[in-house]
Amino acid sequence: MFGFSMIQMVRSNADKLDLTLRKNLIGLYTPFKWTPCFLHSSLDRFLQKTRKIPVVVEFYDTCSFEEAVENCHSVAEQHFRSKMKQSIPSTTCCSMDLTPAALEELLSKGSFIKKVYFDRKVQALLDVATAAVKAKESIQEAALTGNGVTIAVIDTGIYPHQDLSDRIVAFKDFINDRTEPYDDNGHGTHCAGDAAGDGSASNGLYRGPAPESKLVGVKVLDKLGSGSLSTVMAGVDWCIEYNRLNPDNPINIISMSLGSDPQQYPSVSEDPMVRSVEAAWNSGIVVCVAAGNSGPDPGTISSPGVSETVITVGAMDDINTPNIIDDSIASFSSRGPTIYGYTKPDVVAPGVNIISLRSPNSYLDKLQKGNRIGNEYFTLSGTSMATPICAGVAALIIENNPGIPPDEVKRKLLDGAEELGPANTYGQGYVNAEKSISI
């Protein structure tokens with residue numbers, strides 16, 4: 001077996017192939033157990049040339065990015081079923097579909113290649129809120145509404161709901177390449193409302209913390225709420241590029257209610273999803289990400305929530321009351337420490353039975369008809385819902401402090417949080433807009 005081509009390739013390039021990719025390549029030989037030996041060589045050659053594997057290729061910072069992408073494109077063109085998909089300049093990466101034969105050639109010729117990652121699956125993190133985080137007080141007393149602040153929701157898209165009142169200022173679709181805002185799943189629309197719905201269809205009852213903020217929809221997850229590492233990275237990269245092209249009206253906040261099981265790299269900074277969100281943070285964009293829905297066990301924080309830099313948000317059950325005294329951590333909310341030993345989440349916000357915007361005829365709308373609240377609203381639970389609520393509060397902080405850098409927004413959020421208990425369950429505590437703004 002150790003003579004098989006892909007086994008040899010993995011052994012020769014172990015330092016350049018991440019663990020998940022190595023396992024996938026070796027796993028291609030599993031059916032050989034039930035195949036006569038005399039067929040092994042033929043099957044090996046067949047798999048080499050036909051099995052398509054999605055990957056993310058990282059380049060060395062010292063090489064020419066354009067030249068590296070062109071070299072990848074050239075190799076892909078020479079191999080059946082291989083292709084270049086997306087370049088991701090902010091993290092010096094590109095995404096590709098490669099056969100094992102194409103991957104082997106790329107590695108043999110690619111002195112510019114630092115690492116190749118398996119393009120793993122990423123999912124939407126599903127399993128009364130504005131009052132619980134004291135945002136209504138901020139709206140009333142300080143007249144803060146998120147005006148002048150733009151939140152990008154990287155998710156399943158955004159349906160142009162009445163409560164968003166034409167505040168979707170840009171839309172990018174990495175799944176179906178459509179140009180007008182839509183949401184065929186419903187998750188992204190709910191998240192947009194969690195952050196910035198103005199409650200106009202409910203006389204202000206179901207209003208998010210930042211009801212006048214602008215929104216940018218970035219669709220990286222499909223109708224079923226599923227995507228990949230590369231589409232999410234491309235979505236974050238697009239936001240960074242958007243700000244370069246629109247310096248006078250930039251994206252201030254990214255809200256990401258998605259994630260995947262973290263992979264064990266030598267350090268957290270080697271996780272490509274983490275590098276992606278930290279590139280956005282370092283460019284001046286506040287990034288709020290979901291902790292994950294794999295609780296109550298410890299060590300269950302998802303990626304990119306394992307990042308030390310960005311704001312990782314866990315979920316509370318607010319028992320449908322504005323008073324936090326009776327609130328408790330949601331059983332599904334992921335707990336720290338991260339697989340790298342860092343304390344997470346950073347803060348918690350309401351995430352159980354959150355009523356927000358409905359996307360009519362979307363996948364979730366049809367699947368969970370009992371979750372409809374009248375004709376305009378829908379109820380969902382998850383750290384997915386807590387994350388945009390936190391993003392909405394961050395919008396109020398930015399509105400009150402124009403030009404404030406991401407690190408300072410995070411400090412205000414954490415310092416203003418209501419302490420609740422163990423940091424690896426609650427982080428610094430319950431998000432409190434009123435306190436965070438006054439700090």
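## A buried histidine

His-190 has 0% relative accessibility, so it counts as buried (buried means under 20% relative accessible area, exposed over 50%, partly exposed in between, with a 1.4 Å probe and protein chains only). A quick note before going on: this is a predicted model, where local features need pLDDT of at least 70 and side-chain atom pairs count only at pLDDT 80 or more, while totals for chains, interfaces and linings use all residues. Residues are numbered from 1 along each chain as its sequence is written, and side-chain values use heavy atoms, with hydrogens and water left out.

So where does His-190 sit? You'll find His-190 in helix H8, residues 187–196 (helices are DSSP runs of H or I with at least four residues, strands are runs of E with at least two, and both are numbered from the N terminus). Leaving aside neighbours within four places in sequence, His-190 is in contact with Ile-354, Ile-355, Ser-356, Leu-357, Phe-378, Thr-379, Leu-380 and Met-385 (contact means heavy atoms within 4.5 Å). A polar atom of the His-190 side chain also lies 3.1 Å from the backbone oxygen of Phe-378.

Now look at an open sheet of three strands, in the order S16-S18-S17, with antiparallel pairing (two strands pair if DSSP finds at least two bridges between them). Strands S16 (354–357) and S17 (372–373) stand at the edges with a single partner strand each, so one side of each has no neighbour in the sheet. S17 is joined to strand S18 (residues 377–380) by two bridges, and the two run antiparallel. Arg-372 has Phe-378 in S18 as its bridge partner.

H8 packs on this sheet, touching S16 and S18, and its direction makes about 105° with that of S16 (axes are lines fitted to C-alpha atoms, for helices over the stretch in contact, and angles run from 0 to 180 degrees between N-to-C directions).

Helix H9 covers residues 229–245, and its 17 residues should span 24 Å at 1.5 Å a residue; the end C-alpha atoms are 25 Å apart, which agrees (the expected span is 1.5 Å times one less than the number of residues). Of those 17 residues, 13 are buried, so H9 is largely enclosed by the rest of the structure.

H9 packs with helix H10 (residues 272–282) at an angle of about 10°, with the axes 9 Å apart. That makes H9 roughly parallel to H10 (angles under 35 degrees count as roughly parallel, over 145 as roughly antiparallel, 65 to 115 as roughly perpendicular and the rest as oblique).

Definitions and conventions:
A polar contact is a pair of N or O atoms within 3.5 Å; within protein, one must be able to donate a hydrogen and the other to accept it, and residues adjacent in sequence count only if both atoms are side-chain atoms.
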